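Me: I am new to this structure. Please show me how to read a few of its features.
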Amino acid sequence: MLGLISARQAGLDDPLRLRRAECTRRVLSLELNKDRDVERIHGNVYILVDGVIVLYDLENLTREPSYTCRALGSVGRSHPDVHTFSVETVQWYPHDTGMFTSSSFDKTLKIWDTNTLKSADAFHFKGTVYSHHMSPVATNHCLVAVGTKSPKVQLCDLKSGSCSHILRGHRQEVLAVAWSPRHEYVLATGSADGRVKLWDVRRASGCLSTLDQHNGEKSKSSSETANSAHTGRVNGLCYTNDGLHLLTTGTDDRMRLWNSSTGENTLVNYGKVCNESRKGLKFTISFGCDPEFAFVPYGSTIAVYTVFTGELITMLRGHYTAVNCCVFQPNFQELYSGSRDCNILAWIPALREPIPDDSVKSLANF
């Protein structure tokens with residue numbers, strides 16, 4: 001680290017290199033924060049039927065070493081617009097925090113005003129909603145992609161308040177959707193039919209490609225797995241932050257990395273990635289590290305893999321039951337996870353060990 005600082009001061013090194021090195025160190029030292037609690041609102045164990053939404057303030061304004069992240073507001077069970085079944089996905093509006101969206105097993109997607117915590121609009125579907133996503137880079141559209149029990153991918157337009165059009169091609173329910181962080185019109189979808197499709201929503205046909213785990217070598221695959229991304233249900237999608245690669249998970253206990261431009265399976269071997277979820281699995285990828293890391297729910301633990309080599313770095317243990325979702329906070333390299341045990345856990349980088357006074361004095365004398 002001292003060498004990197006010296007090279008940076010002398011103007012001999014890329015300033016991003018020091019940042020990447022420190023970000024990587026912090027991610028590799030993630031541990032359960034025993035001094036930070038998240039106020040528990042979801043009190044009962046029947047979290048699967050809990051439609052409550054809670055907003056938390058994660059910042060420590062007290063500067064005390066031990067503190068609790070307080071709930072700023074909630075959409076409780078007595079709220080007139082509360083979801084009647086479990087909330088599967090929540091996302092901030094990408095351009096400001098004045099609005100957020102939520103989707104639920106109650107067959108609705110709701111648009112919320114953050115200041116009033118009232119529903120500003122709602123979209124209703126014929127089947128269970130498994131996942132939704134808004135593009136983080138879109139400037140020319142306000143489309144929300146929605147995956148439901150129907151094999152059709154629904155695109156909802158926030159400007160018009162209606163479903164603008166439908167993407168047809170999957171054969172079974174759509175469990176995961178993700179917009180590209182590189183191209184605002186490119187969408188990835190994963191289905192229970194084992195297929196992952198890439199779409200350009202401007203095109204009449206829509207579908208750009210269907211990812212094939214065998215990279216077109218059909219002679220080596222059975223008819224059931226030909227032209228499919230997984231031999232099980234595809235229930236998780238996550239782009240790398242530069243949008244050049246797409247990571248997918250399936251109930252075949254496999255995770256695969258794809259070149260998002262060519263659709264090629266990069267054949268990175270992650271080993272067995274235990275995945276028994278019958279619905280969408282929310283995992284995440286780090287940002288600003290070298291290499292980048294994937295944080296994947298693995299039973300009651302969180303598995304940390306290097307994205308491009310598939311190495312299992314560590315398992316984060318702290319939850320009592322199955323982990324449902326992970327979110328990475330890139331500004332401070334923190335990780336937050338939610339579980340069926342009704343707890344939200346914060347994982348933070350371990351602090352550097354202070355230099356003992358005796359060592360400082362020895363260095364000064366030297």
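This is a predicted model: local features need pLDDT of at least 70, side-chain atom pairs count only at pLDDT 80 or more; totals for chains, interfaces and linings use all residues.

Reply: Thr 210 belongs to strand 17, which covers residues 207-210.

Me: Is Thr 210 buried or exposed, and why?
Reply: Look at relative accessibility, where under 20% means buried. Thr 210 counts as buried because its value is 18%.

Me: Which residues is Thr 210 in contact with, beyond its neighbours within four places in sequence?
Reply: Those residues are Arg 195, Val 196, Lys 197 and Asn 227. With Lys 197, the side chain of Thr 210 also makes a polar contact of 2.8 Å.

Me: Now charge. How many salt bridges are there?
Reply: Side chains of opposite charge can pair when their charged atoms come close. Here the count is 6 salt bridges. One of them joins Arg 25 and Glu 22, at 3.0 Å from N to O. Both residues sit in helix 2 (residues 15-28), 3 residues apart, or about one turn of the helix.

Me: What does the salt bridge between Arg 233 and Glu 173 tie together?
Reply: First the distance: the closest N and O atoms of Arg 233 and Glu 173 are 3.1 Å apart. Arg 233 is in the loop between strand 17 and strand 18, and Glu 173 is in the loop between strand 13 and strand 14, so the pair ties together parts 60 residues apart in sequence. Both Arg 233 and Glu 173 are buried.

Me: What about Asp 200 and Arg 202?
Reply: They form a salt bridge too, with the closest N and O atoms 3.0 Å apart. Asp 200 is buried at 10% relative accessible area, whereas Arg 202 is exposed at 57%.

Me: Which residues do shared partners join into one network?
Reply: Salt bridges link Lys 149, Glu 173 and Arg 233 in that way.

Terms used. Residues are numbered from 1 along each chain as its sequence is written. Side-chain values use heavy atoms; hydrogens and water are left out. Helices (H or I, at least four residues) and strands (E, at least two) are DSSP runs, numbered from the N terminus. Buried means under 20% relative accessible area, exposed over 50%, partly exposed in between (1.4 Å probe, protein chains only). A polar contact is a pair of N or O atoms within 3.5 Å; within protein, one must be able to donate a hydrogen and the other to accept it, and residues adjacent in sequence count only if both atoms are side-chain atoms. Contact means heavy atoms within 4.5 Å. A salt bridge is a side-chain nitrogen of Lys or Arg within 4 Å of a carboxyl oxygen of Asp or Glu.
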